[in-house]
Structures are given as structure tokens and as C-alpha cells.
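Dear colleague,

I am passing on the structure we spoke about, which you will find just below. My notes on what was found in it follow, and I would be glad if you read them with the structure open.

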Amino acid sequence: MPTGSSQFARAVRLHSHGFRTLADDAVSVVERLGAVQAQDLGAAKWVIGARMTRPTADAVDAALAGRRVVRSWPMRGTLHILPTRLLRPTLRLTAPRVLANARLRHERLKLGETEYRLARDAVERGLAGGGTATRDELSDLWRAAGIEANGPRTYHLIWWLALDGVLCGGPVDGRLQHFALLDEWAPPGPDEPDSAEQTLAELFTAYVRGHGPATLADFAWWSGLTLRDTRAALDGAGEQVERFVDRPADDGPDRYVEAGATDAAASRPSGALALAGFDEYYLGYADRSPVCDPKFGDLVIPGGNGVFQPVLVLDGRVVGTWKRTGTAAKPRVVLRWFEPPTEAAAARFERPVRAWARFQGVDLHGIDSTVV
């Protein structure tokens, strides 16, 4: 049964995600959300841009180049953009379990400690002194060192070295990621959490600030942490978070928000949003039913294949998906509604879709609608 699906809960969630008070810069968006899933770099840029006052893709690239946020694999073995100061502390909590779960896959790829050490030595020599390299350039580097580096092996070597805090994402050029040595790209700073307890508290506080109302199960899924660590995170957050009490009643599992969030949020959800695939508004929870009827889940994630479609959000509810269509010369967007919309509802998406087009530098030639 859907939980937490009241208008007030959705209004608070829109507030938590930053859609009611847009940020002036990309770093602030990432810090508010705690982390942004980013295996699709282009989509991740719009996740950030949709929460900015003057969004541009260049602003997101500049945030990554400025090194206050970084792209790596801190949680669930999946690429994210997160505040740089949290990368090392988070990896210390999450990487051992992720790597243990990958052992069989590495055996099948014939990647063991010998291959890891050769790859690490080669990359530490090759990138020393501030160097960066693309994935293809790392493949060439490893082949020169005598390591077979086909597509899957190259990916897993980069992934393994990133989980160990050796490599991280460096500058990006459009959708092309360059990698750098973490200790050179972003040396440890005095503002990093210095204990597991502090890291857990900061992660939970950041998650709730950018995603609340949310449950401990939501946080455990998002972070990939154990339930024991999740409970410790709640204890450590202390008065920075508070239990969300719905109006007039709240009969589901305990949900949490940033302290004061319910006072700052509107009483009713409002607005039309054309969000990216993998946007945290839908993706970032174990239970997504508060914002989307579960019967439409297969339309957002077709076949449960893990590829999240861009979503249409109307007054806090996911009401459809959307995609770019047309040709390169005459691009269009089609809105794919779960249920027939009113004419007024469809018209509300003109502005957010054209905002996305400006962000992408697309000269949009029209917006179409269909019911799926």
C-alpha cells in the first residue's frame, strides 16, 4: 500500500529537493541532496540544473573542475556526484562490502590481486604530477603495462581503484569523463569527517535534508549501508533531523525531515517539473509509492531494467515520462502520460520542457503528447 502520499508530504518533499528555493550554483544543489546518482552524466547534469536559478551545463562542469564536488562510486557500487569532502569517509564505510560482492565477477574477468597491483602501479606512475586520462587512455596505459584491458576489464579496474580511493573522476568535457589520482585531484582536507560515527551522521543529515520525508529503509537503500549503520546514523544526527508528522495522521513507518523543514514547506504541492532520468526525486528511495502509483512503475523503469526514464512531475506526483524525439535538425519532445491529462495540465509543462531545451542547447521545434 502506498505510504506517505498526502499532499502535505509531497509538498515537504518538493521543498526538501530544492524545487521551492532554487540554488544559485551547482555545488549547493549537490550539498543539499547529499549525492546525485550519475552513471548517465548528461542526465545528472540536468538533475542538478533543474534545481538552479540559472542552470547551464557549463556550470555543472565548472563545479566538477572546481573540485568541491566529485564524480566517483561512493554508494551501491554506482557512480554519483557528491561533495568531495565526503568521498573518502563514505568509501571507508561502503567500499569493503561492495568489493566483497564483486569478487565472483572479478574472478570471471580474471582480475585478481596481481592484475590490480599492476594496474595501480601503472596508473600511479602515469598520472603522477597532476595528469588525467580518459577511460580509453587508461586502457592504453594498462595494455602498455602488459595488462589485458578490454571493455569490461577496463571498467572494473577503474571501479576497483576508485573504490580504494586511488582514482576519482576529474574534469569533464561534455559527456567525456577524465580520471585523476584522488590524492592529487582532491587532497584530504581538515573538514572531512574524522570518524565513522561522524560520517554516518553527516550522510543521514544530508540525505534527509535533500530527500525528506524519508524512512530509515529509504536511507539504507540509497546509501547501501547496513541497518545497524543506518540506526547509528539516525542516532548521530541528533537534533538536526526530526520525525515527520503528517496531517491529520501518519500511520506508516517513521519518516524524517531536516529540523524545521515542515515549517518552511508549503501546505500543498504545486508546480510542473520535467525531470531527468535517474532524478533523485523518484530514484532516491526504497519506497517510491509516495510520489508515484506503483502500477506505473514499469513505465518509469521498463522491464525493471534499472534504466530510469525522465519523469513528469505535476504537483508532486509522477504523472508520466518524456523523451526527446524528432531529428537532429528538428528536435521535439513527447510527453507520455500515464492517464489522459487535462488541457490545462498539459500546458503547464511547456515552460519546464523548454527550460531543459535551453540547458541542453536544443532549438526545440515542438512538444507532443501521448497516453501510454
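**Cysteines**

The structure holds zero disulfides, a disulfide being a pair of cysteine sulfur atoms within 2.5 Å. Cys168 is buried, with a relative accessible area of 0%, and Cys292 is likewise buried, at 3% relative accessibility; here buried means under 20% relative accessible area, exposed over 50% and partly exposed in between, with a 1.4 Å probe and protein chains only.

Please keep in mind that this is a predicted model, in which local features need pLDDT of at least 70 and side-chain atom pairs count only at pLDDT 80 or more, while totals for chains, interfaces and linings use all residues. Residues are numbered from 1 along each chain as its sequence is written, and side-chain values use heavy atoms, with hydrogens and water left out.

**A three-stranded sheet**

Three strands form an open sheet in the order S4-S6-S5, with antiparallel pairing. Strands S4 (132-134) and S5 (167-173) stand at the edges with a single partner strand each, so one side of each is left without a neighbour in the sheet. Neighbouring strands of this sheet are turned by 40° against each other on average, direction ignored, the axes being lines fitted to C-alpha atoms (for helices over the stretch in contact) and angles running from 0 to 180 degrees between N-to-C directions. S5 and S6 (residues 176-181) run antiparallel and are joined by five bridges, and Asp173 stands opposite Leu176 in S6. Strands (E, at least two residues) and helices (H or I, at least four) are DSSP runs numbered from the N terminus, and two strands pair if DSSP finds at least two bridges between them.

**Two pockets**

A pocket is an open set of points on a 1 Å grid over the protein atoms alone, where a 1.4 Å probe fits, with protein on both sides within 12 Å along at least five of seven lines; lining residues have an atom within 4 Å of a point. Volumes are the space filled by probe spheres set on the points, which are joined across faces, edges and corners.

The largest pocket holds about 410 Å³ of space and is lined by 17 residues, with Leu22, Ala50, Arg351, Pro352 and Ala355 nearest its centre. Helix H3 (41-49), strand S10 (272-275) and helix H18 (350-360) each supply at least two residues of this lining.

The second largest pocket has a volume of about 360 Å³, and among its 18 lining residues Ala43, Arg175, Gly277, Pro310 and Trp356 lie nearest its centre.
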